[in-house]
Amino acid sequence: MTIAHHLDDATLMRYASGDLDEAFLVVVATHLAMCEQCRKAVRYAEELGGEMLFACEPADMNPAALNTLLNRIDADEPALARQEPVRGDLPAPLARKVGQNLENISWRRVAPGVKRHVIEMDNSTSSSLYMLWIAPGVAVPEHGHGGSEMTLILSGAYRDDLGRFGPGDVADLDEHVEHQPRVEDGAPCICLIATETRARFSGLIGRLMQPFVGI
């Protein structure tokens, strides 16, 4: 697997510091399970954070701080963030949410050539997490975003103005980016997407379809 599109440095720092909500955490952890380059970058960010802690002035801690830390280590959410290898069709961080095989995903048709699977979150969050199945040759209407959007390709590929995105590639986008992904011929594109807000479609057709598509 040759990965050409990686996580933004700011995203890697937020992941290393535990500052991502659950939807984006799942996407980042899944990409890390597929990408050695980003795993190395996270380790560097964690080491940098440790050095910064050593440089800080000591402060008094709450007597219960150690027990609180140990309880958080044992909790489910940190376990999600461990960079584990691919098992079955899907990397472990995503497999914990949807199962190990793509063939078992319960898709819902939302538009011609487009199916969606919504992933429920364990914790309260304003962000959304879902998977899309897009048929070969289908183009998603041109759109932007009211906030961050992160798309990880699991299989197949699409192209837009930013380049070609294949398995393992991640589009780490903000509200300033507008694009129109078009799936390559030959195979459907299956991707994992986290968004802060719904997409902002540019054309009339896209805006009319949005209530039915739900993205």
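## Basis of the model

Because the model is predicted, local features need pLDDT of at least 70 and side-chain atom pairs count only at pLDDT 80 or more, while totals for chains, interfaces and linings use all residues. Residues are numbered from 1 along each chain as its sequence is written, and side-chain values use heavy atoms, with hydrogens and water left out.

## The sheet

Six strands form an open sheet in the order E3-E4-E5-E12-E7-E10, and their pairing is antiparallel. Strands, like helices, are DSSP runs numbered from the N terminus, a strand (E) having at least two residues and a helix (H or I) at least four; two strands count as paired if DSSP finds at least two bridges between them. The edges are formed by strand E3 (108-111) and strand E10 (170-173), each of which pairs on one side only. On average, neighbouring strands of this sheet are turned by 25° against each other, direction ignored, where axes are lines fitted to C-alpha atoms, for helices over the stretch in contact, and angles run from 0 to 180 degrees between N-to-C directions.

Helix H2 (residues 22-34) packs on the sheet and touches strand E5 (128-134), strand E7 (149-155), E10 and strand E12 (189-195), with a direction that makes about 40° with that of E7.

E3 pairs with strand E4 (residues 114-118) in the antiparallel sense over 3 bridges. Within this pair, Ala111 stands opposite Val114 in E4, and Arg108 stands opposite Arg116 in E4. The hairpin of E3 and E4 has 2 residues between the strands, and in this hairpin Gly113 takes a positive phi near 80°.

E4 also pairs with E5 in the antiparallel sense, here over 5 bridges, and His117 stands opposite Met131 in E5.

## The second largest pocket

The second largest pocket holds about 260 Å³ of space. A pocket here is an open set of points, on a 1 Å grid over the protein atoms alone, where a 1.4 Å probe fits, with protein on both sides within 12 Å along at least five of seven lines, and lining residues have an atom within 4 Å of a point. The lining has 14 residues, of which Thr11, Arg14, Ser148, Met150 and Asp172 lie nearest the centre of the pocket.

Helix H1 (9-16) and E10 are the elements that give two or more residues to this lining, and H1 gives the most, with 3 residues.

## Two buried residues

Ala157 is found in the loop between E7 and strand E8 (158-160). Ala157 counts as buried because its relative accessibility is 3%, buried meaning under 20% relative accessible area with a 1.4 Å probe and protein chains only. Leaving aside neighbours within four places in sequence, Ala157 is in contact (heavy atoms within 4.5 Å) with Arg164, Phe165, Gly166, Val183, Glu184 and Cys189.

Thr195, found in strand E12, likewise counts as buried, at 7% relative accessibility. Not counting residues up to four places away in sequence, Thr195 touches Phe24, Ser127, Ser128, Tyr130, Ser148 and Glu149.

Definitions and conventions: Points joined across faces, edges and corners; volume = space filled by probe spheres on them. Buried < 20%, exposed > 50% of the residue type's maximum accessible area, 1.4 Å probe, protein only.
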